[in-house]
Amino acid sequence: MTSSEIKKLRVRQLLLLNGTLLFFLSATYILQILIDITFSQMFIFLGTVTLIQSIVGWAKRNSTKSILPVIEQIAIYEKEKMGNEWSKQRIVGSIWTLLFSSILFINAYFHSDSGEILKIEPMFLFFLTIAILIMTNISMVIHSRKVDVAQSPANFTGYTRNSNVRAIIFGACYAILIFVLILSLV
């Protein structure tokens, strides 16, 4: 694959990622306006979606197949470049998704008696969306650059561990940002 083909593929990947995020965040906001959803229902729905995502990720951990051709091409390219580390990253990603799903189900349990209706302030959702897009794009660019400049699978020794540490740091920064945002809107 030439560098111009890789660039085009990466641009399409970022556009698809950003478009998907914007679509689902917009759909969530519109549904929240049209339908009264409790916090418990929201956590159960999100927990179920992430559990399914974890199971599918675990089941196809070594497969590059995807419904979307762009994602399949990226997976084939990255698997070839990263070697064994690609499989490790997929397995660890499925484990993190399973952990996140468990946290969502625990939240559903703790909110089950409240019956509190979910209402998201438009300004909060706007800043939340911007923060999600920024963090996701930064993470994707860092990953893409690492993969694209690597010469062999040996360049990826310890990559899964390092990317997980980076994800934890990004997550902590994101949590602090959301906390500050919530405090400023209250």
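By class, 6 nonpolar, 3 polar and 4 charged residues form the lining of the second largest pocket. In this count Ala, Val, Leu, Ile, Met, Phe, Trp, Tyr, Cys and Pro are nonpolar, Asp, Glu, Lys and Arg are charged, and the others, Gly among them, are polar.

The structure is a predicted model, in which local features need pLDDT of at least 70 and side-chain atom pairs count only at pLDDT 80 or more, while totals for chains, interfaces and linings use all residues. Residues are numbered from 1 along each chain as its sequence is written, and side-chain values use heavy atoms, with hydrogens and water left out.

**Stop 1: the whole chain**

Show the chain as a cartoon. Its secondary structure amounts to 6 helices and 0 strands, in the order α-α-α-α-α-α from the N terminus. Helices (H or I, at least four residues) and strands (E, at least two) are DSSP runs, numbered from the N terminus. Along the principal axes, the C-alpha atoms fill a box of roughly 55 × 30 × 30 Å.

Of the 186 residues in the chain, 30% are buried; buried means under 20% relative accessible area, exposed over 50%, and partly exposed in between (1.4 Å probe, protein chains only). Among contacts (heavy atoms within 4.5 Å) with a separation of 6 or more, 86% join residues 24 or more positions apart.

**Stop 2: the second largest pocket**

Select Lys 7, Arg 10, Ser 144, Arg 145 and Asp 148, which lie nearest the centre of the second largest pocket among its 13 lining residues. Helix 1 (3-34) and helix 5 (122-149) each supply at least two residues of the lining, and helix 1 gives the most, with 7 residues.

The space in this pocket is about 240 Å³. Rolling a probe the size of a water molecule over the atoms shows where empty space is left. On a 1 Å grid over the protein atoms alone, a cavity is a set of points where a 1.4 Å probe fits but cannot get out, whereas a pocket is an open set with protein on both sides within 12 Å along at least five of seven lines; lining residues have an atom within 4 Å of a point. Grid points are joined across faces, edges and corners, and the volume is the space filled by probe spheres set on the points.

**Stop 3**

Ser 144 is buried, at 9% relative accessible area. Beyond its neighbours within four places in sequence, Ser 144 is in contact with Arg 10 and Gln 13.

Select Gln 13 next, in helix 1. Is Gln 13 buried or exposed? Gln 13 counts as buried because its relative accessible area is 10%. Its side chain is joined to that of Arg 10 by a polar contact of 3.0 Å. A polar contact is a pair of N or O atoms within 3.5 Å; within protein, one must be able to donate a hydrogen and the other to accept it, and residues adjacent in sequence count only if both atoms are side-chain atoms. Again leaving aside neighbours within four places in sequence, Gln 13 is in contact with Val 70, Ile 74, Met 140 and Ser 144.

Leu 9 is also in helix 1, and is buried at 5% relative accessibility. Not counting residues up to four places away in sequence, Leu 9 touches Met 1, Val 70, Gln 73 and Ile 74. For Leu 9 and Ile 74, 65 residues apart in sequence, the C-alpha to C-alpha distance is 7.2 Å.

**Stop 4: Lys 81**

Move to helix 3 (residues 69-82), where Lys 81 is found. Lys 81 is buried, with 18% relative accessible area. A polar atom of its side chain lies 3.5 Å from the backbone oxygen of Asp 148. Outside four places in sequence, the contacts of Lys 81 are Val 147, Asp 148, Ala 150, Ser 152, Pro 153 and Phe 156.

**Stop 5: the nonpolar cores**

Select Phe 43, Ile 120, Phe 124 and Leu 128, which touch the most other members of the largest nonpolar core, a set of 13 residues. Helix 2 (39-59), helix 4 (84-111), helix 5 and helix 6 (159-185) each supply at least two residues of this core, and helix 5 gives the most, with 4 residues. A nonpolar core is a set of buried Ala, Val, Leu, Ile, Met, Phe, Trp, Tyr and Cys residues joined through side-chain atoms within 4.5 Å. Leu 128 touches Tyr 174, Ile 178 and Leu 181, residues up to four places away in sequence not being counted.

A second, separate core has 9 residues, including Ala 75, Tyr 77, Trp 86 and Ala 150.

**Last stop: Ile 55**

End on Ile 55 in helix 2, which is exposed at 51% relative accessibility.
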